[in-house]
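Me: I am new to this structure and would like to understand the words used for it. Could we go through them together?

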Amino acid sequence: MDEKELKEIFGERDQFAKSCGVVIDSAGGGCATGHMDLTPWHLNAAGSAQGGALFTLADTVTAAAANSRGRMAVTLQSNAQFLRGASKGRLTAKATEIAAHRKMPTYAAEITDEDGHKVFISTSIFFVKET
């Protein structure tokens with residue numbers, strides 16, 4: 001899949017990610033970047049970005065990275081760490097392939113706030129589907 005197709009799949013056809021405000025900025029070669037502009041809708045009762053919003057951003061950007069190899073890949077397992085709160089502005093996610101296994105590649109993702117502070121990190125194992 002080329003970058004344009006990945007942006008369409010994960011930015012337009014993925015209705016959940018779209019409704020959460022996830023935007024894929026780039027994808028290719030096992031890497032991807034994206035962002036989410038926080039709104040009051042994204043915040044939990046404590047006034048910080050809801051963990052599900054952060055995970056949705058990371059998972060969508062990681063999926064774009066995994067699928068950028070041209071094969072359909074779906075998440076098998078993810079391990080997430082919430083490092084600090086964020087309550088406003090743009091969150092930026094970056095995902096990178098860290099193990100290029102043929103059937104179950106592994107990816108790392110991080111989300112930073114506008115000041116460059118890490119808010120969230122994760123590792124995810126994907127399953128590459130037969131076509």
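Me: How many aromatic pairs does the count come to?

Reply: The count comes to two aromatic pairs. Rings of Phe, Tyr and Trp (its six-membered ring) pair if their centres lie within 6.5 Å; planes under 30 degrees apart count as stacked, over 60 as edge-to-face and the rest as tilted. Before we go on, please keep in mind that this is a predicted model, where local features need pLDDT of at least 70, side-chain atom pairs count only at pLDDT 80 or more, and totals for chains, interfaces and linings use all residues. Residues are numbered from 1 along each chain as its sequence is written, and side-chain values use heavy atoms, with hydrogens and water left out.

Me: Why is the pair of Phe82 and Phe120 called edge-to-face?

Reply: The ring centres of Phe82 and Phe120 are 5.1 Å apart and the planes stand at 70°, so the pair is edge-to-face. Phe82 sits in strand β3 and Phe120 in strand β6 (residues 118-128), 38 residues apart, and the pair links these distant parts of the chain. Strands here (E, at least two residues) and helices (H or I, at least four) are DSSP runs, numbered from the N terminus.

Me: What makes the pair of Tyr107 and Phe126 edge-to-face?

Reply: Their planes are at 80° and their centres 5.6 Å apart, so this pair is edge-to-face.

Me: Why does Tyr107 count as buried?

Reply: Buried means under 20% relative accessible area, exposed over 50%, and partly exposed in between (1.4 Å probe, protein chains only). Tyr107 has 1% relative accessibility, so Tyr107 counts as buried. Phe126 is buried with 0%, and Phe120 is buried with 0%.

Me: How do you know that Asp37 and Arg90 form a salt bridge?

Reply: A salt bridge is a side-chain nitrogen of Lys or Arg within 4 Å of a carboxyl oxygen of Asp or Glu. The side chains of Asp37 and Arg90 meet at 2.7 Å, N to O, so by that definition they form a salt bridge. Asp37 is in strand β2 (residues 31-37) and Arg90 in strand β4 (residues 90-99), 53 residues apart. Asp37 is partly exposed at 37%, and Arg90 is partly exposed at 35%.

Me: How many salt bridges does the count come to?

Reply: The count comes to three salt bridges. One of them joins Arg69 and Glu97 at 2.7 Å, N to O. Arg69 lies in the loop between α3 and β3 and Glu97 in strand β4, so the pair ties together parts that are 28 residues apart in sequence. Arg69 is partly exposed at 40%, whereas Glu97 is buried at 17%. Lys118 forms a salt bridge with Glu110, with the closest N and O atoms 3.4 Å apart.

Me: How many disulfides does the structure hold?

Reply: The structure holds zero disulfides, a disulfide being a pair of cysteine sulfur atoms within 2.5 Å. Cys20 counts as buried at 5% relative accessibility, while Cys31 is partly exposed at 33%.
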